[in-house]
Structures are given as C-alpha cells and as structure tokens.
Amino acid sequence: MNHSDELNERAKSTSWTFPMAGDNHFTWDYDSGRERLLNLYQKGKDKQWDSATRIDWSIEVDPCDALGTPEKTLALYGSRQYEKLNAAERREMRQHMAAWEFSQFLHGEQGAMICSARIVQSVPDIDSKYYAATQVMDEARHAEIFSRFLGEKIGLTYPINPHLKSLLEDALNDSRWDMPYLGMQVLIEGLALAAFGILRDRTDKPLPKQILAYVMQDEARHVAFGRLALRDYYAQLSSREIAEREEFVVEGCYLMRDRFRMQEVWENLGFDMKECMEYMNRGPRMRAFRSLLFARIVPCVKDIGLWGPAVQNAYADMGVLEMGNSDLLKLMSEDEAQADELDRERAELQARVNEIDEAVALGAAAE
C-alpha cells in the first residue's frame with residue numbers, strides 16, 4: 001500500500017460519535033413566520049439544484065495541479081523548506097494541499113448538514129425550522145460534490161482537522177438552541193465562505209471554479225439565515241448571556257484561525273515541522289490569507305450584536321478588527337451574481353457549440 005492509499009484508508013476508517021445536548025422543540029404556532037425568513041425559505045426552495053447536471057464532471061483535472069494556483073501564492077513559498085523541494089516534490093505537495101483543503105470542506109459540509117438537522121429539531125420558531133430543512137438538503141449536496149471531486153479528480157482524502165472537529169463538538173454539545181447556529185452558520189460557514197471565495201477567485205481551472213461558485217451561492221443564503229435569526233434573538237438576551245456567547249466566538253475564531261496551518265500535510269510529507277509551523281504562523285502569505293478568511297465572519301458577528309470588548313480585542317490581536325466595517329450584504333450579493341454569470345457563460349458557450357454542430361450536420365447532409 002502506497003502513502004496515498006494509507007492516507008485514504010485512514011480518512012475512511014475513522015468515525016466520530018458523541019451525544020448531543022439540547023431539547024427537541026415542537027411548535028403548534030404555524031402562523032407566526034417572519035416575512036424575511038419566509039422569503040429566504042422560498043428562495044431556498046427555488047434555488048435547489050442537481051450537482052450531477054449543473055456541474056460538468058467530464059472536465060479533466062490534474063490531481064497535482066487541481067487549482068492552477070500561482071506558485072507565489074502557495075503557503076510555504078519562500079520558506080527554506082520549500083526551496084529544498086524538487087519539481088516532483090512540489091507537485092506532490094500541491095496534490096496534498098488541495099486534498100487537505102477540499103477534505104476539510106467536505107468534513108465541514110457534513111458538519112453543517114448535522115448542525116442544520118439539529119437546528120430543525122431545536123429551534124423554537126416554525127419559520128426557522130422551514131429554512132433549516134432546506135439547508136440540510138443544500139449541505140448534503142455540498143458533501144456529495146466535495147466527496148466526488150476528491151475521489152474522482154484528486155484521488156486523496158485527509159481526515160478531519162482537529163480544530164474543526166473541536167468547534168463542531170462545542171457547537172453540538174451545547175444545550176442552548178442558538179449555539180449550533182452560532183458555531184456553524186456564523187463561524188464555520190463564514191470561514192468556509194471566505195476560503196471558497198479565495199480559491200474561486202485564484203483558480204483558472206473550470207471544474208473547481210464551478211464547484212466553488214455554485215456552493216457559495218447556497219452558502220450566502222445560509223449566512224443570511226444565521227444573521228436574521230440570531231440578530232433577533234440576541235437583542236433579547238441579558239448582558240451575561242451575551243458575554244457567554246462572545247466567549248464562544250473568541251474561542252471559536254482562534255480555533256478557525258489555527259485550522260488553516262495544514263499541519264497534517266507537512267507531517268505526511270515528512271517536512272521540517274518546526275520550520276513549517278513557524279512559517280505558517282509568521283509568513284506574509286498566511287497573514288494575508290488569514291485576514292481574508294475573516295472577511296465574512298467579523299461583520300456578521302458585529303451585525304448580530306456580539307461586539308463587546310472581548311470580541312474586539314481578540315479581533316485586534318488577530319489583525320482583523322477592521323473587517324467589521326465590511327459590507328456583508330454586498331459580498332453575498334456578489335457571490336450569488338458570480339454563480340449566475342457562470343451559468344450564463346456556460347449556456348452561451350453550449351449554444352455556440354450547438355450551432356457549430358448543426359452547421360456541420362447540414363453541410364454533411366448537403367454533400
């Protein structure tokens with residue numbers, strides 16, 4: 001068994017089981033829906049799609065250059081460890097980096113599916129239950145997509161990152177109904193949305209660009225759902241209850257910041273771990289990358305009312321406090337527009353291909 005096969009087997013052989021806290025909440029008030037959430041629910045129904053037909057899976061992918069990322073943007077570029085690698089080793093590193101990134105997306109989407117199902121069970125309002133039910137289907141589709149991309153195109157899968165695992169467990173192991181919202185809709189989904197956007201905008205490869213753009217179109221709705229539901233609820237909480245949630249946000253954001261250091265990749269490739277981790281912590285590319293990662297989380301946290309000194313101090317320490325002034329609605333609108341534009345471009349290209357095929361067929365018939 002080669003190194004890649006061993007890694008794939010390790011990723012598949014692990015399972016994770018733990019009891020989830022909280023109540024199952026039924027409501028018999030079916031007429032109390034908020035217009036904004038009901039509109040989002042309608043949009044969630046209207047925007048369902050089939051990954052088998054909307055995505056062109058016939059596109060070939062080089063597993064060692066799946067994203068076509070420019071060399072100078074690679075996390076270890078410029079480090080002593082990177083300079084030691086020959087061309088073949090650098091290609092192998094690219095495969096492992098892409099496999100790690102998309103594996104964490106995959107595991108996060110399964111986590112989002114479970115959290116969404118938990119929200120359906122525990123949230124007291126019928127309008128939130130309606131929308132969360134559509135999100136369960138969205139997240140199932142996303143997990144299916146990332147699993148297929150890893151299995152068919154990259155050929156390598158990594159186990160779940162321990163930082164992501166810890167935050168998922170914290171969110172699901174809290175008895176308060178809003179904590180899966182806060183952990184998943186705001187922190188995990190917000191970070192994933194930013195990471196998707198960075199890769200979508202950097203890649204010149206059509207298949208991952210399709211995958212990321214279409215998944216982001218769904219995720220923009222999910223973040224909007226968390227904002228609407230939590231903003232209304234947190235306005236009613238006491239200062240003590242707000243402080244507890246702010247503490248959760250601070251701890252979760254530090255976990256998410258550390259999640260993207262790719263420690264598992266450097267370990268599997270036998271790199272100098274001390275050197276790699278120091279470079280990932282202090283290197284210029286990762287500092288810039290981490291700043292971009294929080295572009296969706298910080299303004300959302302501010303918008304839902306968790307903006308006390310502890311949160312602001314933590315964001316200042318991370319160097320992302322200014323992100324609180326980002327226009328989240330504009331960012332999400334642009335995410336949706338990019339997916340629609342990609343659909344239009346592909347439809348126009350297919351129409352031209354059809355015209356050529358018809359012309360060729362007519363020419364052949366006339367001979």
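A: A residue is called buried when its relative accessible area is under 20%, exposed when that area is over 50%, and partly exposed in between, with a 1.4 Å probe and protein chains only. The model is a predicted one, in which local features need pLDDT of at least 70 and side-chain atom pairs count only at pLDDT 80 or more, while totals for chains, interfaces and linings use all residues. Residues are numbered from 1 along each chain as its sequence is written, and side-chain values use heavy atoms, with hydrogens and water left out.

With that scale, C253 counts as buried because its relative accessibility is 1%. A disulfide is a covalent bond between the sulfur atoms of two cysteines, and here the term is applied to a pair of cysteine sulfur atoms within 2.5 Å. By this cut-off the structure holds zero disulfides. For C253, the closest cysteine sulfur belongs to C300 and lies 11 Å away, which is too far for a bond. C276 is likewise in no disulfide, since the nearest cysteine sulfur, that of C64, is 18 Å from its own. C276 also counts as buried, because its relative accessibility is 1%.

W28 sits in the loop between α1 (3-13) and α2 (35-46), where helices are DSSP runs of H or I with at least four residues, numbered from the N terminus.

Conventions. Helices (H or I, at least four residues) and strands (E, at least two) are DSSP runs, numbered from the N terminus.
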